[in-house]
Amino acid sequence: MAAGAKSFLADAGYGEQELDANSALMELDKGLRSGKLGEQCEAVVRFPRLFQKYPFPILINSAFLKLADVFRVGNNFLRLCVLKVTQQSEKHLEKILNVDEFVKRVFSVIHSNDPVARAITLRMLGSMASIIPERKNAHHSIRQSLDSHDNVEVEAAIFAAANFSAQSKDFAAGICNKISEMIQGLATPVDLKLKLIPILQHMHHDASLASSSRQLLQQLVTSYPSTKMVIVTLHTFTLLAASSLVDIPKQIQLLLQYLKNDPRKAVKRLAIQDLKLLANKTPHTWSRENIQALCESALHTPYDSLKLGMLSVLSTLSGTIAIKQYFSSTPGTTATTVRSFDLVKLAQECCYHNNRGIAAHGVRILTNISASCQEKDLLPLEQDAVFGLEALLVLCSQDDSPGAQATLKITLTCMVKLVKCRPHLSQSVVESLLTQLHSAQDAARILMCHCLAAIAMQLPVLADGMLGDLMDLYKLIGQSATDKKQELLVSLATVIFVSSQKALSSEIKTVIKQQLENASNGWTAYKIARQASRMGNHDMARELYQSMLTQVASEHFYFWLNSLKEFSHAEQCLTGLQEDNYSSALSCIAEALKSYHKGIASLTAASTPLNPLSFQCGFVKLRIDLLQAFSQLICTCNSLKTSPPPAIATTIAMTSGNDLQRCGRISNQMKHSMEEFRNLATRYGDLYQSSFDADSATLRNVELINIRQQQSCLLISHAIEALILDPESVSFQEYSSNGTAHIESEYERRMMSVFNHVLEEVESLNRKYAPVSYLHTACLCNAVIALLKVPLSFQRYFFQKLQSTSIKLALSPSPRNPAEPIAVQNNQQLALKVEGVVQHGSKPGLFRKIQSVCLNVSSVLQSKPGQDYKIPIDNMTNEMEQRVEPHNDYFSTQFLLNFVILGTHNITVESSVIDSNGIVWKTGPKTTIFVKSLEDPYSQQVRLQQQQGQPPSQQQQQRTAYSRF
């Protein structure tokens with residue numbers, strides 16, 4: 001559902017937008033009232049879809065009350081259907097407004113003589129535990145049912161007990177002894193004990209409860225040594241420790257003890273699985289002794305499956321703080337002593353193991369050690385890691401089985417990580433990849449190309465001499481048209497674009513286009529063009545977009561491709577800029593702006609209500625305004641030649657007391673230009689703040705585009721101020737150090753190089769010459785040309801977003817007609833209720849999650865009545881802000897608004913989100929309603945009598961403010 005969908009929150013009489021929800025509910029209600037069981041069941045199972053489509057409390061409350069009625073009077077099959085709907089719609093339960101009534105209808109079935117009906121009711125109560133955690137009648141019924149002689153009812157009571165224990169501290173404390181007695185009782189069957197034991201994992205609400213549960217589990221492990229009991233008890237032990245946190249070190253020791261001493265493979269596998277869970281959750285609690293014990297077990301075990309599991313735990317730990325603790329516990333270690341550690345010996349031994357999984361974990365451990373312990377001299381370990389990676393690369397690239405591909409992914413990820421932290425290893429890694437690329441399977445080639453591109457984006461390691469090998473492979477692959485070959489064409493083209501980011505030779509362009517014509521489909525050509533745009537090869541991208549214009553099936557797609565073609569042509573025009581040739585620069589910028597304006601028109605035509613392309617339009621509009629600002633700055637600099645300061649400029653400056661007047665009219669133009677660049681910098685920051693859904697892999701690049709362009713604007717603004725407006729008070733230090741810490745791509749390297757060069761020139765001129773001279777204006781013009789010569793990179797978020805997040809707001813009260821105002825008396829306050837639902841795409845929270853929602857409510861007086869009455873004004877406007885944390889993607893809050901001034905007020909509610917790092921993102925939406933403030937009848941009557949010269953009557957004089965309510 002789109003965020004702008006209409007609200008249906010208010011009462012049924014509030015308007016047409018509610019009809020869809022109400023009619024859907026009425027349709028399902030008709031099915032519930034049917035005499036046919038099949039139609040009733042069909043109506044019940046359609047409720048989750050209704051909740052998904054209309055996720056606000058008014059409808060959900062009504063729907064659940066109807067379901068509760070069906071549960072109360074229906075048969076067991078219908079009750080089972082209602083139970084399944086409740087479990088599927090668990091996140092909507094807290095929106096039930098009449099919880100008491102809902103529980104009352106459901107709970108009435110607990111007194112049935114049918115044990116199956118009671119069992120379904122218990123499961124229903126357990127599913128509702130999040131909204132009724134402290135209901136004593138539910139607690140009592142669960143306790144009672146645990147003593148039932150019907151197995152179905154007992155199992156349902158166990159399910160309910162587990163759910164209530166997780167939610168209620170009182171219930172957990174009260175049921176713990178009962179569970180303990182049942183587990184230790186001789187009359188309880190073993191299979192029932194196995195189901196009761198997991199309830200103890202929820203006994204973590206306080207330290208004493210957790211301690212008593214832990215003692216019970218310790219007794220069980222000792223008293224019941226059978227395999228099933230040990231497995232269930234140990235796993236419950238681990239989950240309890242992970243929740244209570246204080247006993248994790250003891251639990252790690254216990255699991256390691258069972259891993260070492262227990263001969264049963266099933267128990268060892270369970271111990272490894274739980275150790276992996278604790279390694280992921282709390283790696284900082286692992287001591288050196290724990291890791292050492294795990295290494296010894298792995299070194300001595302004869303079973304590959306167990307060794308694989310232990311290495312999986314160790315490879316997880318090797319990427320965390322635990323690895324530093326392991327090596328730092330013995331101060332003064334050197335490269336020779338590092339190799340003597342059992343962990344290193346184990347990893348070196350496993351690097352060449354005949355089991356691919358074991359070998360992959362071995363090289364991952366070596367890679368993580370090399371990356372984490374950079375303060376040590378680990379040259380031998382680095383070499384071991386590289387040799388192990390190359391061996392795995394040769395082995396897995398020849399095999400196209402899923403297992404080999406999974407191992408290859410681990411290998412290539414380790415290569416990228418190793419090269420990033422140890423750049424001197426990049427050349428040998430890249431050469432081994434290129435060598436193996438020719439003989440590898442197609443699936444492996446695709447992954448290897450991704451690895452090469454990732455390495456080349458970080459370091460300029462792909463020399464021109466290597467392009468020949470890549471082009472030969474490209475020609476060879478282009479002769480086939482299978483799906484894998486098509487994907488490989490895109491991957492290889494990406495590597496070629498990355499390796500030659502400055503410019504593609506005509507020979508390379510010809511080869512790429514020729515292979516695309518011979519063996520590719522339109523989608524492959526589009527993906528290659530998209531990669532060219534992302535890497536700044538706009539000439540190649542423009543030609544490919546041009547060739548695809550007539551191959552699309554929709555006019556929206558046509559306009560999208562046409563806009564991309566125009567943008568690429570515009571950026572291509574800027575590559576002809578030359579230093580010190582300002583007239584040519586103006587003509588190049590004018591040509592680029594012409595193409596950009598054509599492109600933005602096509603881009604607007606390509607947008608649809610479901611896909612408004614708001615980020616793309618905002619990005620391009622900013623680029624257009626930036627180019628216009630650069631063009632205007634060059635014209636302003638040229639005006640020093642066409643309109644130099646008059647001869648009496650110095651006299652005027654002394655008379656007016658404004659020293660800038662001696663520069664002539666250029667000083668005012670520069671002031672205007674500086675303000676324009678600062679405004680652009682603010683707008684770039686706003687655009688970045690709206691990019692909440694940028695995928696994590698390219699968020700750095702989206703930030704780079706926006707922040708670097710923002711810095712470009714600030715840089716030019718700073719240069720104008722330093723050279724011309726205020727050369728004495730400006731500081732260079734804050735600009736020169738900004739953004740140099742994290743340089744991760746060729747584009748960023750080139751931008752930073754330009755920034756530093758411009759700052760050096762500005763600082764040098766500022767020291768040597770007084771403003772304003774031709775040297776100053778030339779410096780500014782050259783700075784503009786240098787910035788524009790760096791090709792703009794259209795990043796992935798411009799073309800696709802993998803995460804989709806939107807907020808749907810509903811205001812109450814809401815008018816019958818959106819244009820109709822809500823009437824409020826001026827001596828009363830309006831309680832505005834704001835409810836909202838966070839809506840996600842297919843992968844919710846894939847890259848970042850919403851921590852809280854910030855709601856800003858403001859009101860503006862639109863129009864006053866004809867006569868301006870003198871009314872005491874306490875507060876002219878309303879401006880409020882609240883932060884609410886969504887629970888199960890739903891939030892609700894209220895604002896109390898004053899409308900003392902008579903007239904029509906415009907209320908705007910705007911939402912923004914705050915992620916888990918505390919960063920505010922301006923995602924919207926913005927909702928508006930109108931309120932008409934009316935004079936209250938008593939004040940109106942008094943005023944009219946005063947106007948007519950009549951004193952108010954005795955009865956009216958006695959009327960107080962309280963009597964009006």
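**Entry 1**

I take a helix axis as a line fitted to the C-alpha atoms over the stretch in contact, with angles running from 0 to 180 degrees between N-to-C directions. A reminder to myself: this is a predicted model.

With that settled, I looked up helix 22 (residues 379-397) and helix 23 (residues 402-421), whose axes come within 9 Å and cross at roughly 150°. Helix 22 is therefore roughly antiparallel to helix 23, since angles over 145 degrees count that way. I also noted the hand: helix 22 passes helix 23 in a left-handed crossing.

Which residues of helix 22 meet helix 23? I listed Ala385, Val386, Leu389, Glu390, Leu392, Leu393 and Cys396 on the helix 22 side. Across from them, helix 23 brings Ala404, Gln405, Thr407, Leu408, Thr411, Leu412, Cys414, Met415 and Leu418. Sorted by class, this contact of helix 22 with helix 23 holds 12 nonpolar, 3 polar and 1 charged residues.

**Entry 1: helices 24 and 25**

Next I went to helix 24 (residues 426-437) and helix 25 (residues 442-458), and found them packed at an angle of about 155°, with axes 10 Å apart. That angle makes helix 24 roughly antiparallel to helix 25. Helix 24 passes helix 25 in a left-handed crossing.

From helix 24, the contact takes in Val429, Val430, Leu433, Leu434, Gln436 and Leu437. Helix 25 answers with Arg445, Met448, Cys449, Cys451, Leu452 and Ile455. My tally for the contact of helix 24 with helix 25 reads 10 nonpolar, 1 polar and 1 charged.

**Entry 2: Ala63**

Is Ala63 buried or exposed? Ala63 is buried, because its relative accessible area is 0%, and buried means under 20%.

Setting aside neighbours within four places in sequence, I found Ala63 in contact with Leu25, Phe47 and Phe51. I also checked Ala63 against Leu50: they are 13 residues apart in sequence, and their C-alpha atoms are 9.1 Å apart in space.

I looked for cis peptide bonds and wrote down two. The bond from Ser812 to Pro813 is cis, with omega near 0°, and Pro813 is in the loop between strand 1 (805-812) and strand 2 (822-825). Gly924 and Pro925 are also joined by a cis peptide bond, with omega about 5°. Pro925 lies in the loop between strand 8 (920-921) and strand 9 (926-934).

Leu613 has a phi of about 55° and belongs to the loop between helix 32 (582-606) and helix 33 (614-642). I count Leu613 as buried because its relative accessibility is 8%. Asp889 has phi near 65° and lies in the loop between strand 5 (878-884) and strand 6 (890-898). Asp889 is partly exposed, with a relative accessible area of 22%.

**Entry 3: the whole chain**

To finish, I zoomed out. The chain has 42 helices and 9 strands. Of its 965 residues, 52% are buried. The accessible surface comes to about 43,600 Å², and carbon and sulfur atoms account for 51% of that.

What share of contacts between residues at least 6 apart in sequence joins residues at least 24 apart? I noted 73% for the chain.

Conventions. Residues numbered from 1 in each chain as written. Predicted model: local features only at pLDDT ≥ 70, side-chain atom pairs only at ≥ 80, totals over all residues. Heavy atoms only, no water. Helix = DSSP H or I, 4+ residues; strand = E, 2+ residues; numbered from the N terminus. Parallel < 35°, antiparallel > 145°, perpendicular 65-115°, else oblique. Left-handed = near helix turned anticlockwise from the far one by under 90°. Contact = heavy atoms within 4.5 Å. Nonpolar A, V, L, I, M, F, W, Y, C, P; charged D, E, K, R; others polar. Buried < 20%, exposed > 50% of the residue type's maximum accessible area, 1.4 Å probe, protein only. Areas by Shrake-Rupley, 256 points an atom, 1.4 Å probe, with all protein chains shown as cover.
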